[in-house]
Amino acid sequence: MESVARQLKVSRSTVSRLLKQARESGVVRITLSEPRHTTTLQARRIEQLYGLRAHIVPVREGISELQRLEHVARTAAHLIGQAMTDNAKLGLAWGTTVSDVVRHLQPRDLSGVTVVQLNGAANSHTSGIPYAGSILQAAAAAFGGRAMQFPVPAFFDYAATKEAMWRERSIRSLLAVQSSVDIAVFGVGALSGPVPSHVYSAGYLGTKDMDQLRNDRVVGDVCTVFLREDGTWADIAMNGRATGLNPTELAKIPRRFCVVAGAAKVTAIRGALRARVATDLVIDEATARALLEPNAVEATRTS
């Protein structure tokens, strides 16, 4: 800053203020790359096993799960910001992880951007609009776009109700926007862990629902569509009531960022990657290492 101040013949404080304004407006983005041999090898192995791009975030030992998520969310936000273009459609599946990612998005001066909700958020206790809406609005504000909410429950009580709603013109128009998304961003929910997934901790599922998921050997979800560890999902009864994009529908989206942190989610992550939900995996170093443990690698090869 001293060098810049001398060349521009202004004070150092003026340079600092201008840089702050430039970063906040998206004109300037400052990043630090830390190449590490270990993470590069981990990334290559994950890419070979699951057929995607792996972005491994180095984190120091001993930090909390919340701090780990913060590091991963910041890296994911940077990658998503780079991927965004004019007229892009960005699809977001609400959740704890995506909320953190959106908080770290750096503003960019883009035009014609649409940010669309990929899964319903209502339940018997809340409409879900304030929670999901705040995530969508923050992302739309970062890219100068408009937000489109998906005003349906996360899960219908009956599969027949979902089938009837999906025939309505107002819902079909939103489903059409979802199907034309260019970039999707989602986390992986796990039934348990130090940072509880929102869908399992905020009243979306009752005791009977949780018992049914365990009976179906469910390990987690993507876009509130449930998965087993082997990546199967189509015959899980609860998915007939779920309103999020399933793995087949997600696979039609060109760029799909799966953002995860925390070794407690490894089993759920494995199921998601076997379901081929992602083109890009953003993951912390410790979780990547757990994902690549010998028993995990062997199970992947034989699945």
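Predicted model: local features only at pLDDT ≥ 70, side-chain atom pairs only at ≥ 80, totals over all residues.
**Reading strands, helices and salt bridges**

Student: In which sense do β2 and β3 pair?

Tutor: Strands of a sheet pair through backbone hydrogen bonds, either parallel or antiparallel. Two strands count as paired if DSSP finds at least two bridges between them. Here β2 (residues 89–92) and β3 pair in the parallel sense over 4 bridges. Gly91 stands opposite Val116 in β3.

Student: Which residues of β3 lie on each side?

Tutor: In a regular strand the side chains alternate between the two faces of the sheet. In β3, Thr114 and Val116 are on one side, and Val115 and Gln117 are on the other. These four residues are all buried (buried is under 20% relative accessible area, exposed over 50%, partly exposed in between, with a 1.4 Å probe and protein chains only).

Student: What is the strand order in the sheet with parallel pairing?

Tutor: That open sheet has 7 strands, in the order β1-β10-β9-β5-β2-β3-β4. At its edges stand β1 (53–57) and β4 (146–148); each has a single partner strand, so one side of each is left without a neighbour in the sheet. Neighbouring strands are turned by 20° against each other on average, direction ignored.

Student: Where do β6, β7 and β8 sit in their sheet order?

Tutor: These 3 strands form an open sheet, ordered β6-β7-β8, with antiparallel pairing. The edge strands are β6 (189–190) and β8 (225–228), each with a single partner strand, so one side of each has no neighbour in the sheet. Between β7 (residues 218–222) and β8 there are 4 bridges.

Student: How do I judge the span of helix α2?

Tutor: The expected span is 1.5 Å times one less than the number of residues. Helix α2 (residues 12–25) has 14 residues and reaches 20 Å from first C-alpha to last, close to the 20 Å expected. Just after α2, Gly26 takes a positive phi of about 90°.

Student: How many salt bridges does the whole structure have?

Tutor: Side chains of opposite charge can pair when their charged atoms come close. The cut-off for a salt bridge is a side-chain nitrogen of Lys or Arg within 4 Å of a carboxyl oxygen of Asp or Glu. The search finds 12. In one of them, Arg68 and Glu65 meet at 3.7 Å, N to O. Both lie in helix α4 (residues 65–83), 3 residues apart, about one turn of the helix. Arg68 is buried at 9% relative accessible area, whereas Glu65 is partly exposed at 26%.

Student: Which parts does the salt bridge of Asp209 and Arg241 tie together?

Tutor: Asp209 and Arg241 meet at 3.6 Å, N to O. Asp209 lies in helix α10 (residues 207–215) and Arg241 in the loop between β8 and α11 (247–250), so the pair ties together parts that are 32 residues apart in sequence. Both residues are buried.

Student: Is Asp235 buried or exposed?

Tutor: Asp235 is exposed, at 56% relative accessible area. Its salt-bridge partner is Arg228, at 2.8 Å, N to O. Arg228 counts as buried, at 6%. Elsewhere, salt bridges that share partners join Glu70, Arg74, Asp100 and Arg103 into one network.

Technical notes
Residues numbered from 1 in each chain as written. Heavy atoms only, no water. Helix = DSSP H or I, 4+ residues; strand = E, 2+ residues; numbered from the N terminus. Axes fitted to C-alpha atoms, helices over the stretch in contact; angles between N-to-C directions.
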